[in-house]
Amino acid sequence: MAKRFNYPNKKQIKKPRKAINYANRGKGFENDIIRTNNGYLSKGWAFVEKVEPAVQIQQDLGNKVIGFKKEKGFVDFFGCSHGRPLAFEAKKTTSRTSFPLSNIKQHQMDVLKFWQDQGGIAFFLIQFEKLHEVYFVHYEQVNEWWIQSKAGGRKSIPYSYFMMECDLVKTQRGVPYDYLSCI
(Lines give C-alpha, C1' and ligand atoms only; values in the text may rest on other atoms or scores of the structure.)
Protein backbone atom coordinates (compact mmCIF):
# COMPACT_ATOMS: atom_id res chain seq x y z
CA MET A 1 0.00 0.00 0.00
CA ALA A 2 1.48 3.34 -1.04
CA LYS A 3 1.96 6.01 1.61
CA ARG A 4 0.57 9.50 1.16
CA PHE A 5 2.98 12.28 1.94
CA ASN A 6 1.81 15.72 2.95
CA TYR A 7 4.34 18.13 1.52
CA PRO A 8 4.58 21.59 3.11
CA ASN A 9 3.17 24.51 1.11
CA LYS A 10 1.26 22.13 -1.13
CA LYS A 11 -2.51 22.48 -1.09
CA GLN A 12 -4.49 19.35 -0.47
CA ILE A 13 -7.07 18.73 -3.13
CA LYS A 14 -10.40 17.86 -1.60
CA LYS A 15 -12.89 15.84 -3.53
CA PRO A 16 -16.22 17.60 -3.84
CA ARG A 17 -19.04 15.97 -1.91
CA LYS A 18 -21.84 14.49 -3.93
CA ALA A 19 -25.19 16.16 -3.42
CA ILE A 20 -27.72 13.97 -1.66
CA ASN A 21 -30.94 13.59 -3.62
CA TYR A 22 -34.00 13.16 -1.40
CA ALA A 23 -36.46 13.31 -4.30
CA ASN A 24 -37.49 9.64 -4.41
CA ARG A 25 -36.74 8.39 -0.92
CA GLY A 26 -39.51 6.14 0.25
CA LYS A 27 -40.82 5.48 -3.27
CA GLY A 28 -40.09 1.75 -3.09
CA PHE A 29 -41.95 1.50 0.21
CA GLU A 30 -44.87 3.51 -1.18
CA ASN A 31 -44.98 1.34 -4.30
CA ASP A 32 -45.22 -1.78 -2.13
CA ILE A 33 -48.11 -0.18 -0.22
CA ILE A 34 -49.81 0.67 -3.51
CA ARG A 35 -49.43 -3.00 -4.57
CA THR A 36 -50.94 -3.99 -1.21
CA ASN A 37 -53.86 -1.59 -1.76
CA ASN A 38 -54.43 -3.00 -5.25
CA GLY A 39 -54.50 -6.49 -3.74
CA TYR A 40 -57.04 -5.38 -1.14
CA LEU A 41 -59.19 -3.82 -3.86
CA SER A 42 -59.13 -6.95 -6.03
CA LYS A 43 -60.17 -9.08 -3.03
CA GLY A 44 -62.91 -6.58 -2.06
CA TRP A 45 -61.36 -5.92 1.37
CA ALA A 46 -60.64 -2.19 1.05
CA PHE A 47 -60.43 0.79 -1.24
CA VAL A 48 -57.33 2.84 -0.37
CA GLU A 49 -55.79 5.53 -2.57
CA LYS A 50 -52.43 7.30 -2.64
CA VAL A 51 -52.81 11.07 -2.33
CA GLU A 52 -50.61 13.07 -4.68
CA PRO A 53 -49.88 16.67 -3.62
CA ALA A 54 -51.21 19.50 -5.78
CA VAL A 55 -48.46 21.06 -7.89
CA GLN A 56 -48.32 24.62 -9.26
CA ILE A 57 -46.60 24.52 -12.66
CA GLN A 58 -44.24 27.45 -13.18
CA GLN A 59 -42.73 26.55 -16.51
CA ASP A 60 -43.46 23.88 -19.13
CA LEU A 61 -40.35 23.14 -21.18
CA GLY A 62 -41.95 20.42 -23.29
CA ASN A 63 -40.02 17.41 -22.01
CA LYS A 64 -39.61 18.85 -18.50
CA VAL A 65 -41.95 20.69 -16.16
CA ILE A 66 -40.77 23.03 -13.40
CA GLY A 67 -43.11 23.53 -10.47
CA PHE A 68 -43.62 23.42 -6.72
CA LYS A 69 -46.13 22.04 -4.25
CA LYS A 70 -49.05 24.47 -3.89
CA GLU A 71 -49.96 23.68 -0.32
CA LYS A 72 -49.26 21.35 2.52
CA GLY A 73 -50.35 17.88 1.62
CA PHE A 74 -53.00 15.70 3.10
CA VAL A 75 -51.73 12.32 4.29
CA ASP A 76 -50.11 9.69 2.10
CA PHE A 77 -53.07 7.28 1.91
CA PHE A 78 -56.78 7.29 2.73
CA GLY A 79 -59.74 5.09 2.00
CA CYS A 80 -62.30 2.75 3.47
CA SER A 81 -62.33 -0.83 4.71
CA HIS A 82 -65.45 -2.67 5.88
CA GLY A 83 -67.35 0.58 6.30
CA ARG A 84 -64.62 2.34 8.32
CA PRO A 85 -62.67 5.26 6.91
CA LEU A 86 -58.91 5.03 7.31
CA ALA A 87 -56.01 7.40 6.75
CA PHE A 88 -52.33 6.83 7.26
CA GLU A 89 -48.82 8.07 6.69
CA ALA A 90 -46.05 5.85 5.38
CA LYS A 91 -42.65 6.71 6.86
CA LYS A 92 -39.28 5.06 6.67
CA THR A 93 -35.98 5.36 8.45
CA THR A 94 -32.50 4.03 7.81
CA SER A 95 -31.74 4.01 11.54
CA ARG A 96 -31.58 0.65 13.30
CA THR A 97 -32.16 2.08 16.77
CA SER A 98 -34.96 4.66 16.55
CA PHE A 99 -37.47 6.53 14.42
CA PRO A 100 -36.85 10.31 14.35
CA LEU A 101 -40.01 12.32 14.95
CA SER A 102 -38.59 15.02 12.66
CA ASN A 103 -39.77 12.76 9.79
CA ILE A 104 -43.33 13.73 10.69
CA LYS A 105 -44.76 17.18 9.92
CA GLN A 106 -47.26 19.05 12.10
CA HIS A 107 -49.96 19.16 9.40
CA GLN A 108 -49.78 15.35 9.08
CA MET A 109 -50.42 14.98 12.81
CA ASP A 110 -53.29 17.48 12.55
CA VAL A 111 -54.95 15.62 9.68
CA LEU A 112 -54.66 12.24 11.41
CA LYS A 113 -56.05 13.70 14.67
CA PHE A 114 -59.04 15.16 12.80
CA TRP A 115 -59.57 11.86 10.97
CA GLN A 116 -59.59 9.93 14.23
CA ASP A 117 -61.85 12.48 15.96
CA GLN A 118 -64.39 11.89 13.17
CA GLY A 119 -64.45 8.15 13.92
CA GLY A 120 -61.89 7.06 11.35
CA ILE A 121 -58.86 4.84 11.80
CA ALA A 122 -55.63 6.87 11.82
CA PHE A 123 -52.20 5.27 11.89
CA PHE A 124 -48.63 5.17 10.62
CA LEU A 125 -46.78 2.46 8.74
CA ILE A 126 -43.14 2.87 9.74
CA GLN A 127 -40.45 0.98 7.88
CA PHE A 128 -37.04 0.27 9.39
CA GLU A 129 -35.33 -0.10 6.04
CA LYS A 130 -32.07 -1.73 7.20
CA LEU A 131 -33.94 -4.19 9.42
CA HIS A 132 -36.49 -5.04 6.69
CA GLU A 133 -39.38 -4.49 9.13
CA VAL A 134 -42.59 -2.48 8.93
CA TYR A 135 -44.64 -1.60 12.01
CA PHE A 136 -48.28 -0.59 12.35
CA VAL A 137 -48.45 2.29 14.85
CA HIS A 138 -51.73 3.87 15.97
CA TYR A 139 -51.98 7.65 15.83
CA GLU A 140 -52.40 7.86 19.63
CA GLN A 141 -49.10 6.05 20.17
CA VAL A 142 -47.17 8.47 17.98
CA ASN A 143 -49.06 11.42 19.46
CA GLU A 144 -47.81 10.56 22.97
CA TRP A 145 -44.20 10.69 21.75
CA TRP A 146 -44.98 13.81 19.69
CA ILE A 147 -46.34 15.72 22.71
CA GLN A 148 -43.36 14.68 24.86
CA SER A 149 -40.89 15.81 22.18
CA LYS A 150 -42.58 19.22 21.89
CA ALA A 151 -42.26 19.58 25.68
CA GLY A 152 -38.50 19.05 25.47
CA GLY A 153 -38.47 15.26 25.70
CA ARG A 154 -36.94 12.64 23.45
CA LYS A 155 -36.97 13.52 19.74
CA SER A 156 -37.26 9.93 18.50
CA ILE A 157 -39.12 6.71 19.24
CA PRO A 158 -36.75 3.89 20.23
CA TYR A 159 -36.80 0.69 18.18
CA SER A 160 -37.48 -1.30 21.35
CA TYR A 161 -40.84 0.51 21.67
CA PHE A 162 -41.88 -0.74 18.22
CA MET A 163 -40.87 -4.29 19.10
CA MET A 164 -42.82 -4.26 22.39
CA GLU A 165 -45.85 -2.05 21.70
CA CYS A 166 -46.57 -2.10 17.96
CA ASP A 167 -47.72 -4.70 15.46
CA LEU A 168 -45.22 -6.05 12.95
CA VAL A 169 -46.76 -5.90 9.48
CA LYS A 170 -46.21 -9.17 7.63
CA THR A 171 -46.31 -10.32 4.05
CA GLN A 172 -49.36 -12.56 4.05
CA ARG A 173 -52.77 -13.11 2.44
CA GLY A 174 -51.24 -12.37 -0.98
CA VAL A 175 -50.12 -8.77 -0.30
CA PRO A 176 -46.67 -7.28 0.47
CA TYR A 177 -47.70 -5.45 3.68
CA ASP A 178 -50.92 -6.79 5.19
CA TYR A 179 -51.68 -3.82 7.44
CA LEU A 180 -55.42 -4.56 7.56
CA SER A 181 -54.71 -7.59 9.72
CA CYS A 182 -53.33 -5.17 12.35
CA ILE A 183 -56.50 -3.05 12.55
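Okay, so Ser-149 sits in helix α3, and keep in mind that what we're looking at is a predicted model. Is Ser-149 buried or exposed? With a relative accessible area of 6%, under the 20% cut-off, Ser-149 is buried. Leaving aside residues up to four places away in sequence, Ser-149 touches Leu-101, Arg-154 and Lys-155. And while we're around there, Lys-150 lies over the face of Trp-146, 4.5 Å from the ring centre.

Helix α3 also brings us to the core. Nonpolar side chains in soluble globular proteins tend to be buried together. Here the largest nonpolar core has 24 residues, and Ile-104, Phe-124, Val-137 and Phe-162 touch the most other members. Which elements give two or more residues to this core? Those are α2, β7, β8, α3 and α4. Take Phe-124: among its contacts, sequence neighbours up to four places away not counted, are Ile-104, Met-109, Leu-112, Val-137 and Val-142, but also Glu-89 and Lys-91. There's a second, separate core of 20 residues, including Ala-90, Phe-136, Val-169 and Cys-182.

Now the helices on their own. α2 runs for 12 residues and reaches 16 Å from first C-alpha to last, close to the expected 16 Å. Buried in α2 are His-107, Gln-108, Met-109, Val-111, Leu-112 and Trp-115, and the buried residues of α2 pack against β4, β5, β7 and α3. After α2 comes Gly-119, with a positive phi near 95°.

α1 has 17 residues, 27–43, and reaches 24 Å, again close to what's expected. Its buried residues include Phe-29, Ile-33 and Tyr-40, but also Glu-30 and Asp-32. What do the buried residues of α1 pack against? That would be β1, β4, β5, β7 and β8. Just after α1, Gly-44 takes a positive phi of about 80°.

Last bit, the rings. We've got 16 aromatic pairs in the structure. Tyr-40 and Trp-45 make a tilted one, 6.1 Å centre to centre with 45° between the planes. Tyr-40 is buried at 0% relative accessible area, while Trp-45, at 25%, counts as partly exposed. Then there's Tyr-135 with Tyr-159: the centres are 6.2 Å apart and the planes are at 80°, so that pair is edge-to-face. This pair links distant parts of the chain, with Tyr-135 in strand β8 and Tyr-159 in helix α4, 24 residues apart. Tyr-135 is buried at 4%, and Tyr-159 is buried at 15%.

Back to Tyr-40 and Trp-45: they belong to one aromatic cluster with Phe-77, Phe-88, Phe-123, Phe-136 and Tyr-179. And the charged end of Lys-50 sits over the Phe-77 ring, 5.6 Å from its centre.

Note on methods. Residues numbered from 1 in each chain as written. Predicted model: local features only at pLDDT ≥ 70, side-chain atom pairs only at ≥ 80, totals over all residues. Heavy atoms only, no water. Helix = DSSP H or I, 4+ residues; strand = E, 2+ residues; numbered from the N terminus. Expected span 1.5 Å × (residues − 1). Buried < 20%, exposed > 50% of the residue type's maximum accessible area, 1.4 Å probe, protein only. Contact = heavy atoms within 4.5 Å. Core = buried A, V, L, I, M, F, W, Y, C linked by side-chain atoms within 4.5 Å. Phe/Tyr/Trp six-rings, centres within 6.5 Å; stacked < 30°, edge-to-face > 60°. Lys NZ or Arg CZ within 6 Å of the ring centre and 35° of its normal.
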